Structures are given as C-alpha cells and as structure tokens.
Amino acid sequence: MGEKDHEHAASYNYSRFDDYVAGGGDLADEAAFRESPPAGQRAGDFTLQRLDDGAQVTLSGLWRSKPLVMEFGSFT
Amino acid sequence: MFVYTREAHPGENVPWHDSFGGKLACARLLRDEAGIRRDILVDDIAGTVHRGYGLMPNMTWVIDRGGRVVYKADWTSAANVEAFLVRFLAGRGRRPAGTAAVMYETQQIEFRHADRNRFTEHLLRNGPRAAAEFEKAQELWARRSAT
C-alpha cells in the first residue's frame, strides 16, 4: 500500500464517530448512496475475501444463476 | 450474504481498522457474537465495495441473476426485503401478459423498536468512548436540525 492508499484507508476507517459527523462524513455518505447505481442498472462487480475460509469470491459468480441479497454492516 | 465494512462506532474494545488483519478480527467478532451464519465477505481496508454501493452503514441491495440492481435501501428492513423478494420473484416468474418491469423510489417512515438502553449497552460493548462520541454526535445532529 502506498502513502496515498494509506491516507485513503484512514479517511474511510474513521477512528472517532463524533469527529466524522462534525466533518460532514455522514452527510457525504448519504449523498454517496443517492449517487450509487439505481435499480435497473448493472451492479458493480468486485472480489472480496470470504471470512470462513479466506477464499476470494467474485460477486458476479454469486449472482450468475440466482438473485443475490447483500446486507452491509459491521459489529458496532 | 453479508458484506463486512468499516466499524461505524469504534471504541476501545472494537477499534477502527488500521490493517486488514485487524478488520478480519472484527469480522470474526461480528460472526461469533452476533451469530451470523450467512457467508460474510470482507471488504478491503479502503472500503472499495462499500464505496461502490453507497457507504451507508446498514444497507441492503438485491441483485438479480445476471447483475442488475433490483432493490436498494439505505437501511435494512428484513420485512421489506422479504416482501420485495416474494413479489419480485413471483412477478418475474409468471410475467403475465400486459406486465412490464418498472422502477420507482420509495421513502417511508417506520416505527421501529427503539430500546435506547440496549443500544447504549451495545455502544459500551464497543468501548466507553463509542457511547460518549455518539452522545456528542446527537448534539451535532440537534444543532444541524435547528439551523
């Protein structure tokens, strides 16, 4: 990871929620959702790591033959 | 399946991610404490997938076979998703004469169970500062809505 990637990751993974809100991060997230692909358009295809076995899983492989429900979230 | 993103309310016990290894550890905590049995796919440290789908902390998307978005909500309601899937799959399966696929948007207000004590307990599980920071964020939201 280069220095720029580190900065990118650090701004995404905020350490303090109140500072994130004070900086308008929550509003920017709402705007990002509004600008995300609308229903009817193609979804973005990405590869992620499966937690249980470390396998690299590509989204298009999961939606190839049946609908895919994707819930996003975290522990906190 | 479940896409594991960044921590929304990090604290002393469940920290923000500064490495992919740390992110995996928090994802395991989610799996084991919340008892998630679906596959959990872990986004990268920069949130590439999360950014691609709109950055909200607890959203749900449904992608039809072939890769077309057919449902997106910036907050997860299992009942809404289930009702949508029942209608969508029934409609797509039959496709009676005279029907067409159309897209429309919905915004709605719901009355959800709001147990503030339980939510605060959860924040404290993340660490005391997570609860304190949420209190401060609430003050910021109140100031925002007053202006």
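The following exercises, each with a worked solution, concern a predicted model.

Residues are numbered from 1 along each chain as its sequence is written, and chains are lettered from A in the order in which they are written. Because the model is predicted, local features need pLDDT of at least 70 and side-chain atom pairs count only at pLDDT 80 or more, while totals for chains, interfaces and linings use all residues, and side-chain values use heavy atoms, with hydrogens and water left out.

**Exercise 1.** Determine the strand order of the open sheet of seven strands, and explain which strands stand at the edges.

*Solution.* Begin with the strands, which are DSSP runs of E with at least two residues, numbered from the N terminus, and count two of them as paired if DSSP finds at least two bridges between them. The order is then β2(A)-β1(A)-β2(B)-β1(B)-β3(A)-β3(B)-β4(B), with mixed pairing. Next, β2 (56-58) of chain A and β4 (69-73) of chain B each have a single partner strand, so one side of each is left without a neighbour in the sheet. The twist averages 30° from one strand to the next, where angles run from 0 to 180 degrees between the N-to-C directions of axes fitted to C-alpha atoms. Finally, β1 (residues 47-50) of chain A is joined to β2(A) by three bridges in an antiparallel arrangement, and A:Leu48 has A:Val57 as its bridge partner.

**Exercise 2.** Describe the surroundings of A:Ala43.

*Solution.* First locate A:Ala43 in the loop between α3 (25-34) and β1 of chain A; A:Ala43 is buried, with a relative accessible area of 9%. Then, leaving aside neighbours within four places in sequence, list the contacts of A:Ala43, which are A:Trp63, B:Tyr53, B:Ile63, B:Gly67 and B:Val69, where contact means heavy atoms within 4.5 Å. Lastly, the C-alpha atoms of A:Ala43 and A:Ser60, 17 residues apart along the chain, are separated by 9.0 Å.

Notes: Helices (H or I, at least four residues) and strands (E, at least two) are DSSP runs, numbered from the N terminus. Buried means under 20% relative accessible area, exposed over 50%, partly exposed in between (1.4 Å probe, protein chains only).
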